[in-house]
Amino acid sequence: MFTLAEVASLSDIQPTYRILKPWWDVFMDYLAVVMLMVAIFAGTMQLTKDQVVCLPVLQSTVNSKVQPDTSGKADFTTVETTTGQEAASTRTVSFGSAPTVTPDILLSRATSSQYQPTESGQELKKEQKDSSGRKTNLDFQQYVFINQMCYHLALPWYSKYFPYLVLIHTIILIVSSNFWFKYPKTCSKIEHFVSILGKCFESPWTTKALSETACEDSEENKQRLTGAQSLPKYVSTSSDEGSPSASTPMITKSGFKFSADKPMIEIPSVTILDKKDGEQAKALFEKVRKFRAHVEDSDLIYKLYVGQTVIKTVKFIFILCYTANFVNTISFEHICNPKVEHLIGYTQFECTHNMAYMLKKLLISYISLICVYGFICLYTLFWLFRIPLKEYSFEKVREESSFSDIPDVKNDFAFLLHMVDQYDQLYSKRFGVFLSEVSENKLRGISLNHEWTYEKLRQHVSRNAQDKQELHLFMLSGVPDAVFDLTDLDVLKLELIPEAKITAKISQMTNLQELHLYHCPAKVEQTAFSFLRDHLRCLHVKFTDVAEIPAWVYLLKTLRELYLIGNLNSENNKMIGLESLRELRHLKILHVKSNLTKIPPNITDVAPHLTKLVIHNDGTKLVVLNSLKKMTNVAELELQNCELERIPHAIFSLSNLQELDLKSNSIRTIEEIISFQHLKRLTCLKLWHNKIVSIPSSITHIKNLESLYLSNNKLETLPAAVFSLQKLRCLDVSYNSIAVIPVEIGLLQNLQHFHITGNKVDVLPKQLFKCVKLRTLSLGQNCITSIPDKVSQLLQLTYLELKGNCLDRLPATLGQCQLLRKSGLIVEDHLFDTLPSEVKEVLNQDTSIPFANGI
């Protein structure tokens, strides 16, 4: 027994997939139902009424004779009695070998009396006179027996099995029509597609997107009619000094277009989406994207549908060929030769099939249905191969809507959409909305503005190290409109926002001077660009490919600091478009963090007014540095991690250079340092994180040097020449292999910061404490066993690092260092406990003097 729930589930199958059934599949389903009804009707009638009725065929004889058998046994005797008045003959058949079947009375009279008139014979004659026609000596059981036998012998097999064949054929055709819905490798894809398609069709976002499209079209038509007089006031119709024009090389090259070319139009909201609808729509976009990636790479559904259509066509031809041969075999009359005359006495019977007429009509009807079914199969094959069904174009949808980015699809995805079009083309049109990135971006914008309100953004505003108000937005679908209402914001950071758009409302942010775009190729409207061009001072751009750099970056005439972080190797230098840097007339600082093999010559466009150039490589060797010679005004130069083996000669031409940083290179020798005597303004030299083994005595020629950084090298000694630099205020030789601090260190009366952490020093010379201006002294991770009491002479000391040495106590004179506090004393806790209580009390006192280590 089937439960009601199971029967209901069967009835739900057809509505679920009805959108994927074109008219021919639906029509073939109806034909299959009719054929199934024919099979059931014929089978029912056959089970209840199908039978044959047989009568023996009597042999005609003229004379009545007894023909004995040659073996002496009488097989049968024919007795013929004729009366002159009735002219009727009666034929009696008796069997000598089957006495149980033939009446005993007739057999005895025929053999013994030889037709002598007796009393019983007179009764027989009387009965013969009363009956008319021919009499057969068969009883009812014999008729039933012969009818059953002749049903199987004389009746054609097709007459007996026709209903069952029709049933089997129909079931095969039904299975063939629906096999692609049930095949394991296709049914899941079809179920997902039908589910997604239904949700896309009924989604409120679909209605809103299409409604806005209609509104946009009507508004554009109005704008064409009214002309330029209806332009909003904030849109400039004339090209001012800073507005980009078509002649700008960078704009033409990158294909950049300002979104303010068309007037901004407020589109009335036809449908208001709540948060739940927006989340459902975003989920649909994600499902469609994943489903497309899953289905579009194969054509299994298409091949399976073509295969089952071919099978149905072959089945139709097979049924038609063999069925047509059996139409004439179904007849009403049949001759039966059962070969049981030893039981019945007759050799031939004439039978009538009472279902012949009905079966013939049903067979003709079945053939007609099969012919119609076959023609539809042929039409289906014609449709399958007439057009390329593995390609689907949304061209018509793109023309009718503003979503011009709806992509064409292929393979199984395209085939499913072609099948849907046979049901209703509106499904594909509404489904196309969820393939459009423009549509998705609109939805994200609506959802984004719902989520990121002004109050929520205000909570994310913080103060940075420069005490400026900063807002950092990370991995959003766009820039919320409420951001532009934060008028007191100083720094705006946009990271991993691929669809960022800066609208004209940014003109309200009068305090904004710094903008960060990390993997965020932001688009700007024309009015927004005009504001950024006049107000932006610092711009950070982080990218993977140079094409991500917004074109408007190279047109910011008032920009002073530009930070470019990304891939700018020699192969892509031609693509960067740095020729447009000539528009950056006020640029002072250029920071490039990339993998350059040479300094792009286009940087020289800003060389006359550039004061700071920073190049941070990722380990790629920087070979060509000739462009540096043109940067005569550069005061700070950093070439970090560029695999330099020597100090580049091009640097010696920078007469205004004040600070040089060659950190993290492969410099082994600095013999060229003598050429630094031509750099009269050089005050800071950073050669840290290299492979320098010695310092040449020619370093004395850099008389104005104030800061020297040689940490993380391979130095073993400090030459006396270093201590002849009387203006030296900061000396960093940390993490080398220095064992002795020369006594000449006492000559550096202006030394304020001395760092020798991570060396092999075991004794501190007393001359070190003659540097009374020392504020920072880093002696950690050495082999020092004691600290002289003269440390009390360092009255300006604010930072003392002693951790990692071999000390067993601290001098009590530390209490005389008036500016030293516990926070500036880096030492093990047990050593701090060795100090007298009054010294610890002094060191624990709070102070308002800011801590600084000079690094």
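Begin by selecting Thr347, which is partly exposed because its relative accessible area is 39%, between the 20% and 50% cut-offs. Keep in mind throughout that this is a predicted model. Thr347 sits in the loop that links strand 4 (333–336) to strand 5 (349–353). Now show what surrounds this residue: beyond its neighbours within four places in sequence, Thr347 contacts Cys336, Asn337, Pro338 and Glu341.

**Next, the annotated spans**

Which residues does UniProt list as "transmembrane region"? The unreviewed entry gives 27–47, 161–181 and 363–385. Colour residues 27–47 and you will see a span that is 100% helix and 0% strand, with its end C-alpha atoms 30 Å apart. Then colour 363–385: here too the chain is 100% helix and 0% strand, and 33 Å lies between the end C-alpha atoms.

**On to a helix and its cap**

Select helix 16, residues 425–432. Its N-terminal end is capped by Asp424, with a side-chain oxygen 3.1 Å from the backbone nitrogen of Leu426. Which residues of this helix are buried? They are Tyr427, Ser428, Arg430, Phe431 and Gly432.

**A loop asparagine**

Now jump to Asn595, in the loop between strand 16 (589–594) and strand 17 (612–617). Is Asn595 buried or exposed? Asn595 is buried, because its relative accessible area of 16% falls under the 20% cut-off. Show side chains here to find two polar contacts: one of 3.1 Å with the side chain of Asn567, and another of 3.0 Å with the side chain of Ser594.

**Last, the cores**

Select Phe676 and Phe754, the residues that touch the most other members of the largest nonpolar core, a set of 133 residues. Helix 19 (residues 526–535) gives the most to this core, contributing four residues. Stay with Phe676 and display its partners: leaving out residues up to four places away in sequence, Phe676 touches Ile647, Ile651, Phe652, Leu660, Leu682, Leu685 and Ile702. To finish, pick out Met35, Ala42, Leu173 and Phe181, which are among the members of a second, separate core of 79 residues.

Definitions and conventions: Residues are numbered from 1 along each chain as its sequence is written. This is a predicted model: local features need pLDDT of at least 70, side-chain atom pairs count only at pLDDT 80 or more; totals for chains, interfaces and linings use all residues. Side-chain values use heavy atoms; hydrogens and water are left out. UniProt positions are given in the numbering used here, feature names are shortened, and annotations may be inferred rather than shown by experiment. Helices (H or I, at least four residues) and strands (E, at least two) are DSSP runs, numbered from the N terminus. Buried means under 20% relative accessible area, exposed over 50%, partly exposed in between (1.4 Å probe, protein chains only). Contact means heavy atoms within 4.5 Å. A polar contact is a pair of N or O atoms within 3.5 Å; within protein, one must be able to donate a hydrogen and the other to accept it, and residues adjacent in sequence count only if both atoms are side-chain atoms. A nonpolar core is a set of buried Ala, Val, Leu, Ile, Met, Phe, Trp, Tyr and Cys residues joined through side-chain atoms within 4.5 Å.
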